[in-house]
Amino acid sequence: MHEMSIAEGIVDIASDTMKNNDGTVVHAVRLRLGAMSGVEPDALLFCFEAVTKGTAAEGAELVIEHVPLKAKCLDCLTEFVVEGYRFICPACQSTTVTTVTGRELQVLSIDMD
């Protein structure tokens, strides 16, 4: 349910804009989605199709830009790409790391006319 409410909130931006602009249709919504955002791409797509049904242009699409999961070692300050959710610094083997990217869920653009 959490994923659904986030996704609905995103595509509601498009719906609200359409209601305020008669004849306006959505052609595409572009999102930036991180691996640790807690939202599945399939849930976003389902909500996009449900919320824009009948109000989007034919062939309207949801474009998702995936953000790689990156971390920073707090011991040696090395930044690295996290693979397989293993939060271990490749330089010093420390597990004292923090995420730098990968939690994003952001609307990049909405293509409308």
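Strands (E, at least two residues) and helices (H or I, at least four) are DSSP runs numbered from the N terminus.

Keep in mind that this is a predicted model: local features need pLDDT of at least 70, side-chain atom pairs count only at pLDDT 80 or more, and totals for chains, interfaces and linings use all residues. Residues are numbered from 1 along each chain as its sequence is written, and side-chain values use heavy atoms, with hydrogens and water left out.

**The sheet around E3**

- E3 belongs to an open sheet of three strands, ordered E4-E3-E5, with antiparallel pairing; two strands pair if DSSP finds at least two bridges between them.
- E4 (79-81) and E5 (97-101) are the edge strands, each with a single partner strand, so one side of each has no neighbour in the sheet.
- On average, neighbouring strands here are turned by 35° against each other, direction ignored (axes are lines fitted to C-alpha atoms, for helices over the stretch in contact, and angles run from 0 to 180 degrees between N-to-C directions).
- E3 (residues 70-73) and E4 are linked by three bridges in the antiparallel sense.
- Within E4, Glu79 is the bridge partner of Lys72, and Phe80 is the bridge partner of Ala71.
- Ala71 has a bridge partner in E5 as well, namely Thr99.
- E3 and E5 run antiparallel and are joined by four bridges.
- The hairpin of E3 and E4 has five residues between the strands, and Leu77 there takes a positive phi near 65°.

**The nonpolar cores**

- A nonpolar core is a set of buried Ala, Val, Leu, Ile, Met, Phe, Trp, Tyr and Cys residues joined through side-chain atoms within 4.5 Å.
- The largest one has eight residues: Val26, Val29, Leu31, Leu33, Val39, Leu44, Phe48 and Leu62.
- E1 and H2 are the elements that give two or more residues to this core, and E1 has the largest share, with four.
- Another core lies apart from it, with seven residues, including Leu69, Phe80, Cys89 and Val97.

**Ser37 in its loop**

- Ser37 sits in the loop between strand E1 (26-34) and helix H2 (41-52), and is buried at a relative accessible area of 15%.
- A polar atom of the Ser37 side chain lies 3.0 Å from the backbone oxygen of Gly34.
- The backbone nitrogen of Val39 is 3.3 Å from a polar atom of the Ser37 side chain.
- Skip the neighbours within four places in sequence, and Ser37 is in contact (heavy atoms within 4.5 Å) with Gly102, Arg103, Glu104 and Leu105.

**Thr101 in E5**

- Thr101 lies in strand E5, and a polar atom of its side chain is 2.8 Å from the backbone oxygen of Pro68.
- Leaving out neighbours within four places in sequence, Thr101 is in contact with Val67, Pro68, Leu69 and Lys70.
- Thr101 and Val82 are 19 residues apart in sequence and 9.9 Å apart in space, going C-alpha to C-alpha.

Conventions:
Buried < 20%, exposed > 50% of the residue type's maximum accessible area, 1.4 Å probe, protein only. Polar contact = N/O pair within 3.5 Å; in protein donor to acceptor, adjacent residues only side chain to side chain.
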